[in-house]
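I opened this entry to record what I looked up, residue by residue and then for the chain.

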Amino acid sequence: MDERPPPKMEERLLLIGSGNRKLRYSEIITYRVAQLHTRFNAQSTRILQTVSDISLSQWRILTVVNSSNDVTHTKISSISRIDKGQISRAVKSLIKDGYLETEDDLDDHRKSYLRLTPQASELLAKTLPLMQKRHDVLTDSLSDDQRTVLFEAFDTLDNLTELTEFT
C-alpha cells in the first residue's frame with residue numbers, strides 16, 4: 001500500500017507546454033512568483049495590522065514619502081511600481097485620515113508634493129522596526145551565495161518582462 005501523502009493541489013495541476021510537455025504549476029516561474037508575492041503581502045499585512053489601521057499599499061506610500069524629498073504621485077509610482085490609480089486612492093485616504101498633507105509647487109500649480117504629518121511619523125516609528133525585522137529574517141535565512149543568485153535571477157527576469165513575442 002502506498003503511504004505517501006496525497007500531492008498538494010499545485011502539484012496535481014498540470015499545464016501542457018510546447019511539445020506537449022507537462023508542467024506542474026509549481027514548476028512555472030510566474031506561478032511561483034505570484035504565489036510567493038501573495039503570501040509575502042499577506043504576511044506584511046498581518047504585521048501592519050498588529051500596530052496600525054493602514055493597508056500595505058498605504059504603508060508603502062508612506063515609506064516612499066518618508067525616504068525622499070519632493071514626492072509626487074508620479075514619483076511614488078516610479079519608485080514603488082504601484083498602479084497610479086491605486087496610488088491616487090490610497091493618497092486620498094491617507095490625507096483624509098491625517099497621515100499625509102499636500103504642498104503645491106510654486107512654479108507649477110498642477111503639481112503638488114506629499115508630506116508626512118506628525119501622525120504618520122509616529123506610525124512609521126512603530127511599523128518600520130517590525131518590517132525591518134521581517135526583512136532581516138528573510139535576508140538572514142539565505143546564504144550570501146543564495147542572495148547573489150536570487151537577485152541576479154530577479155534582474156534577469158525583470159529584464160525579460162519587456163518581451164512580448166516568444167516565437
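**Aromatic pair**

I started with Phe151, which is partly exposed because its relative accessible area is 48%. My classes are buried under 20% relative accessible area, exposed over 50%, and partly exposed in between (1.4 Å probe, protein chains only). Phe154 also counts as partly exposed, at 42% relative accessibility. Both residues lie in helix H7 (residues 144-160), three residues apart, about one turn of the helix. I took helices (H or I, at least four residues) and strands (E, at least two) as DSSP runs, numbered from the N terminus.

I then searched for ring pairs. Rings of Phe, Tyr and Trp (its six-membered ring) pair if their centres lie within 6.5 Å; planes under 30 degrees apart are stacked, over 60 edge-to-face, and the rest tilted. The search gave one aromatic pair. The ring centres of Phe151 and Phe154 are 5.7 Å apart and the planes sit at 80°, so this pair is edge-to-face.

**Source notes**

The model is predicted: local features need pLDDT of at least 70, side-chain atom pairs count only at pLDDT 80 or more, and totals for chains, interfaces and linings use all residues. Residues are numbered from 1 along each chain as its sequence is written, and side-chain values use heavy atoms, with hydrogens and water left out.

**Val71**

Is Val71 buried or exposed? Val71 is buried, because its relative accessible area is 0%. I found Val71 in the loop between helix H3 (56-67) and helix H4 (73-80). Leaving aside neighbours within four places in sequence, Val71 contacts Val64, Val65, Ile76, Ser112, Tyr113, Leu114 and Arg115. Contact here means heavy atoms within 4.5 Å. The C-alpha atoms of Val71 and Tyr113 are separated by 5.3 Å, with the two residues 42 apart along the chain.

**Core**

I defined a nonpolar core as a set of buried Ala, Val, Leu, Ile, Met, Phe, Trp, Tyr and Cys residues joined through side-chain atoms within 4.5 Å. The largest one has 23 residues; Ile61, Leu62, Val65, Ile76 and Leu100 touch the most other members. H3, helix H5 (84-96), strand S4 (112-116) and helix H6 (118-140) each supply at least two residues of this core. H3 gives the largest share, six residues. Not counting residues up to four places away in sequence, Leu100 touches residues including Ile61, Leu62, Val65, Leu114 and Arg115.

**Whole chain**

The protein chain has seven helices and four strands. Along the sequence I read α-β-β-α-α-α-α-β-β-α-α. Of its 167 residues, 24% count as buried.
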